[in-house]
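This briefing sets out how the chains of one model are arranged and how they meet. Please read it alongside the sequence and the coordinates.

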There are 2 protein chains.
Amino acid sequence: MTEIQLGLTVEFGRDRPLQLDSGTVLGPITVAYRTWGKLNADRSNAILICHALTGDQYVIGGNPVTGREGWWTSMVGPGKVIDTDRYYVICSNVLGGCMGTTGPKEINPETGQPWGLGFPVITIGDMVRAQAMLLDHLGIGDLFCVIGGSMGGMQVLEWAASYPDRVFSAVPIACAAKHSAQNIAFHEVGRQAIVSDPDWKDGTYFEHGTNPRAGLAVARMAAHITYLSEAALHRKFGRSLQDREKVSYGFEADFQVESYLRYQGSSFVDRFDANSYLYITRAMDYFDLAAEYGGVLANAFMDSKTRFCVVSFTSDWLFPTAENRAIVHALNAAAANVSFVEIETDKGHDAFLLDEPELFNILSGFLNGAAEHRGLKDT
Amino acid sequence: MTEIQLGLTVEFGRDRPLQLDSGTVLGPITVAYRTWGKLNADRSNAILICHALTGDQYVIGGNPVTGREGWWTSMVGPGKVIDTDRYYVICSNVLGGCMGTTGPKEINPETGQPWGLGFPVITIGDMVRAQAMLLDHLGIGDLFCVIGGSMGGMQVLEWAASYPDRVFSAVPIACAAKHSAQNIAFHEVGRQAIVSDPDWKDGTYFEHGTNPRAGLAVARMAAHITYLSEAALHRKFGRSLQDREKVSYGFEADFQVESYLRYQGSSFVDRFDANSYLYITRAMDYFDLAAEYGGVLANAFMDSKTRFCVVSFTSDWLFPTAENRAIVHALNAAAANVSFVEIETDKGHDAFLLDEPELFNILSGFLNGAAEHRGLKDT
């Protein structure tokens, strides 16, 4: 086993800029990341976790901003499905994010001010290229596995398409190869909520000492509904009242679901940057993997030797099974090695973050099988 | 045939106040309405149309605010399904509305200022009681039919439950007997968007010469997505770009669906009052018909002689078929006379407003059958 020092950020200088899909050249850039476990001598046991829209590199362990546990403690850790005793696990904050990787809230070296809307619009492809630079820096040629849900799944697909030789196995969960009209529409509602907030100030809120809290909270509330299912909301809240026996005939949060949603909005604002929300939603809107390959999704995976496991959830209406199945069809058309499972759950899109035993069992089986093919030792 | 003069508003004085579900007594009140066709000598051919959240009494003909045609021209008119050559058709603006019926934008006689948040919170039951006062005023004892979609359907159910002897037939379309947790959540997002807009000014925007346009537009955008289906959005827009050949790598409305949604938001603001939006969404949230009848929905329809036709749409995820079927189950449990149809369409919740031939055929058949039982002549 080779010890790799746990580094928190790496800066790529002006001499190693990132060529963005928009045509802009961005540099210097910083990538903030975390790792767990040890890279083996063959450098063959690395797993890259790609986080979702509002996720970050704090997959497990304490998150310094929220003070809470990481977002995937159910899946990742010693003895867990993504076993940090066995694998070397990496997660970096995405390009455009707000947890240390270069994004709109960081300082633009040209102006000495936060980038704000001066930050270039980025894509899922750009995020993945920044991750590839991180892997180069860590001395990791190819990944044993790249895995992620939602926007993380989009990055998984982009990885498999752009760097097929660097991806031994790939697990896109609850995602799509392109963002749907309905999902673009929901993102646009969130963005309009933010830019309508006078405290947004055309993106220069840091300079003005303001924060578009209200707009970002509304954006989060709208998005949060899409992460759950109607059945889950009914099971959790139904029409139950919040700390009262009858309705108030007013506009307080009479219903538990209102109170819950308000909390989701206000707590999100404490940890997320409004401009990052604009940029990252835009990157998802722009994602259309087939378009990068002549309009035929299968072309993205031609001659791929990667082992795929595609996972969807029955009650996920943000990235419904049909979208995930379209990925599987393309992989089959490309004669790729693919397993597909649709998990029966009422937990909606967020099921990938939650305690979902069937998901754990399936991924555990898939990873063990892949590890055997890779020739990884048991421990 | 007895000619009824087309009146636009009726005022009920302080001596005839409305007893609200909240316990508040509201009076005087004005009800704004429109009628089409002629009441027959038996006064047996009246149809009450109940409008949805953002609808109004301008069912057909020009709408003086929008300058556009009414919202149900496909369904109502001479020779149409709701045939104004045969029936006497009435529609009134709901209590709490903003098209002439007493609501938060009207003047509170106590203060001489617009009601604003001083307006009492109202319910679907209150709306229906105001409509019943209008019918009394028009000299109409019982309705041949009461019909409406969405919130209009809630009013239909409330009519059938509260005034069974005044409702010969009832057509609740694309609605529910209670508002679901998910729907309350979407309403709460819209309300938070409005009250977060600094131009809302705690509801006193008229006095301040402002208008929470941005907040109301965001509320409308979020709601509008729920009125359509993913399939319809995909069919109409997909990922098509708006007046450009490639994405702009910016935050303009690159996608047609964004442009469409922005238009829906901004045009809505020109015709609707933000406080009315708060009050009417709240009335829908509070709707839970079973709760008024000991928690058993069937009790709401015991011994009812009303003929019901319940209609749902396969792609309506705001008021899905399951919610409509729950109404049918309750009606069956109450041994009521009920037909139920689920119409196959990809148009989503808004299908009831659109050109939907199967809906026209079914309602035409239902109304003709009911007319025969009622002993109405063909013309």
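How far apart do the C-alpha centres of domain 1 of chain A and domain 2 of chain A lie? The separation of these two centres is 26 Å. The model is a predicted one, and the points below are grouped by topic.

**Domains of chain A**

- Domain 1 of chain A is made up of two segments, 9-179 and 287-374, whereas domain 2 covers 183-281.
- To the contact between them, domain 1 of chain A contributes 27 residues and domain 2 of chain A contributes 22 residues.
- On the side of domain 1 of chain A that touches domain 2 of chain A, there are twelve nonpolar, eleven polar and four charged residues.

**Relation between the two chains**

- Chain B is superposed on chain A by a rotation of 180 degrees, with 0.0 Å of shift along the axis and an RMSD of 0.0 Å.
- The two copies are therefore related as by a two-fold rotation axis.
- Both copies use the same surface, since 100% of the contact residues of chain B recur in chain A.

**Contact between chain A and chain B**

- The contact joins 41 residues of chain B to 41 residues of chain A.
- On the chain B side, at least two residues each come from α3 (181-195), α5 (213-227), α6 (230-236), α7 (256-269) and α8 (274-286).
- The element of chain B that gives the most to this side is α3(B), with ten residues.
- By class, the side of chain B that touches chain A holds 23 nonpolar, nine polar and nine charged residues.

**Nonpolar core**

- In soluble globular proteins, nonpolar side chains tend to be buried together.
- The largest nonpolar core here has 262 residues, and the members touching the most other members are I47(A), C145(A), I47(B) and C145(B).
- Leaving aside residues up to four places away in sequence, I47(B) touches I82(B), Y87(B), V89(B), L143(B), F144(B), C145(B) and I147(B).

- T306(A) is located in the loop that runs between α8 (274-286) and β13 (307-313) of chain A.
- T306(A) is buried because 26 other C-beta atoms lie within 10 Å, and the cut-off for a buried residue is 20 or more.
- With residues up to four places away in sequence not counted, T306(A) touches A160(A), P164(A), V167(A), F168(A), S169(A), A170(A) and A336(A).
- T306(A) and V341(A) are 35 residues apart along the chain, and their C-alpha atoms are separated by 17 Å.

Note on methods. Residues numbered from 1 in each chain as written. Chains lettered and ligands numbered in written order. Predicted model: local features only at pLDDT ≥ 70, side-chain atom pairs only at ≥ 80, totals over all residues. Core = buried A, V, L, I, M, F, W, Y, C linked by C-beta atoms within 7 Å. Buried ≥ 20, exposed ≤ 12 C-beta atoms within 10 Å, placed from the backbone. Contact = placed C-beta atoms within 7 Å. Domains from an automatic or database assignment. Nonpolar A, V, L, I, M, F, W, Y, C, P; charged D, E, K, R; others polar. Least-squares fit on C-alpha atoms with pLDDT ≥ 70 in both. Helix = DSSP H or I, 4+ residues; strand = E, 2+ residues; numbered from the N terminus.
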